[in-house]
Every structure is written in C-alpha cells, then in structure tokens.
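Subject: Structure for your review

Dear colleague,

Please find below the structure that I am handing over to you. My findings follow it.

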Amino acid sequence: MFVFDIIVALFHIAPMAGTTLQEKATPNTDITEKNDITLLLPRRLRDLSLQESSTVELEDSERLARLSIVMPPQRRKRVEVVEETKANSKRPRMHNSSRKSSRNTEIIDDSFSHKKCNLLFTEYAGPNDPDMIGPEGMEKFCEDIGVEPENIVMLVLAWKMEAKQMGFFSKSEWLRGLSDLECDSIDKIRNKLDYLRSLLNEPVVFKNIYRYAYDFARDKDQRSMDIDTAKAMLQLLLGRLWSMYSLFHQFLEQSKYKVINKDQWCNVLEFSRTIKSDLSNYDEDGAWPVLLDEFVEWLKTKQNYPNCKSSSQ
C-alpha cells in the first residue's frame, strides 16, 4: 500500500516536471514578468487579460496624443519663451534706431536751405521783376506772417536785411537777412518775430535801428525826410518810449517845418533819452539843434506844463 502511494505521487509529479521543463525551453512571449499573477490563471483568462491591458494602453496613448495637440509639451513652451525674450530684446534696438532717425530728421528740418529761401522769395516777387518784392508782394508777405505792414517788427526785419527802400525787398537783401536769421519758411519767420522785437530792448541795437530808419523811410530823391513821414516813424519808434512824444508831435503839427534832416533826426533820440520831462537838466547853451530849442520854448509857454517857466519871466 505504501508503495502504491509513492507510484501515484510520481505519476502526478512527472507531467508537472515535464511541463515546467517545456516552458523553460520555450518561454511564452505573452508573459512579461516571471512572477506575474496571470501565471495562476488559465490560458484563456490570461489572453483576455492581456488583450484588455493592451486596449487600455492603446486608449491611454491616444488620449496622450490628443493632449499633446491641445497642450504642447512643457519643453516647447520654454523654447518659445526664450525665443520671445530674444525677440523682445531686439525691439529696443529698433526703437533706438528709430529715435536716431527722428533726431536726424529734426536736425535736417532745422537746418537752413538757400534753395528753399529762394523758392520762398519767388512766391512774393513781382511778375515783371522776379528779383524784387514790391508793395503788393510785401502786403501778401505781411499777411502770411501775421503782422501789419506798419508793425515795428517789419522795420527790424528790414534792418536785418539791410533793405534800401521802404516797401521793397530785393533778392540779395532777402537772402542776406533770412540767412542770418536761418529762416527758409514762413513758419520759421513767424517763430523769429519775438526775437526781432526783443532787439528793440537793447539800447545800442535800438539806436542803430533808429538811425537806419531815417535812410530807409525817406524819399530817395530828397536828402531830408518829409515831415509827415517823420511823424509816422517817430510815432513808431518813440511813441511807446518817450513820455514827451505826444507834446513833441503837437509841436511839429503847429510848426513851420516841412522836412527833418538827419542831424535833427538823430538829436531827437538823444534828447528823448537824456532830458527829463520837467526840462530841469536842459541846457539852453547846449549844442542842440534849433528844432529842439524851439520845442523847449514852446513847452515853457504852454500853460499848465509842470515845473516849466517861460524864459520871459
């Protein structure tokens, strides 16, 4: 009986040992790990399990592929950020170059052009004399720069040009004055008007303009300035500066003078600058022209003039 049990046990062990040796000789490619739990399952169940796991892996890979389309990998984002940073670092350089070009443009705009100055002159020159701006062109020019022809700034501008005759600008005078002012357009001339007016506040410059005005305004056929022109020019130059000008104007109106010579013209300025309004520092024995001596006598005989007494008293 004992021997029979041993034989039965050997009978059961032998197939199992053969199967083990066969599996070792021909490994199953479907089994990935030696101790996989699927070894404990029947072959059909193992096949079904492997199919399900492969199906799950396929679905997971498809899901990852979809996500990679919608959301790029993190590494690609970093590359794009780096590229964008490089692009942004280049932008300020372009901006700086554009600033340089704009600065160059401003410098070019501010520079003086003889060609543009010549073209501006032709806009006002007369059709019969292309080298001269006459009264009609002068009126249009004054209108364009926004001043009246009688404005004192026009006298200062003429002085800058060294113009020879009132109401006329030659091409050479135009180019001389506007080159000195660096003006080749109407806008630039407008911007210089305040500067031209400021020159009147400088005593030496004002004296030069005052002396220039005599030859500029007088009739070139006469050596002296007619009295009407003299009164107009004195009003323009001294009306706002000399407290006694209105009285001097009245004196000229009632006097016998028809013209004023250059010596009289220049001494009127010196009188207005040095003699006090009460005439207290006026010297009757001074070297003043007869015109001014007569003006002082006229003031002394004038009733109610402060601090003045008639010489007959």
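In this predicted model, helix α5 spans residues 135–145, and its buried residues are Gly137, Met138, Phe141, Cys142 and Ile145. Viewed along the axis of α5, these buried residues fall within an arc of 140°, so they line one face of the helix. An α-helix has 3.6 residues a turn, so residues three or four places apart point the same way. The other side of α5 carries Glu136, Glu139 and Glu143, which are exposed. The cover over the buried residues of α5 includes β1 (132–133), α6 (152–161), β2 (169–170), α7 and α8 (186–198). Just after α5, Gly146 adopts a positive phi of about 85°.

One residue of α7 also deserves mention. Glu173 lies in this helix, which covers residues 171–181. Glu173 is buried but has no salt bridge; Arg176, the nearest side chain of opposite charge, is 5.4 Å away. A polar atom of the Glu173 side chain does, however, lie 3.1 Å from the backbone nitrogen of Lys164. Leaving aside residues up to four places away in sequence, Glu173 touches Met161, Glu162, Ala163, Lys164 and Phe168.

As for the protein as a whole, it contains 13 helices and four strands. Of its 313 residues, 31% are buried. Among contacts between residues at least 6 apart in sequence, 65% join residues at least 24 apart. The protein exposes about 21700 Å², of which carbon and sulfur atoms supply 54%.

Yours sincerely

Note on methods:
Residues are numbered from 1 along each chain as its sequence is written. This is a predicted model: local features need pLDDT of at least 70, side-chain atom pairs count only at pLDDT 80 or more; totals for chains, interfaces and linings use all residues. Side-chain values use heavy atoms; hydrogens and water are left out. Helices (H or I, at least four residues) and strands (E, at least two) are DSSP runs, numbered from the N terminus. Buried means under 20% relative accessible area, exposed over 50%, partly exposed in between (1.4 Å probe, protein chains only). Lys and Arg count as positive and Asp and Glu as negative; His and the chain ends are not counted. A salt bridge is a side-chain nitrogen of Lys or Arg within 4 Å of a carboxyl oxygen of Asp or Glu. A polar contact is a pair of N or O atoms within 3.5 Å; within protein, one must be able to donate a hydrogen and the other to accept it, and residues adjacent in sequence count only if both atoms are side-chain atoms. Contact means heavy atoms within 4.5 Å. The arc is that of the directions from the helix axis to the C-beta atoms. Accessible areas come from the Shrake-Rupley method with a 1.4 Å probe; for residues, only the protein chains shown count as cover.
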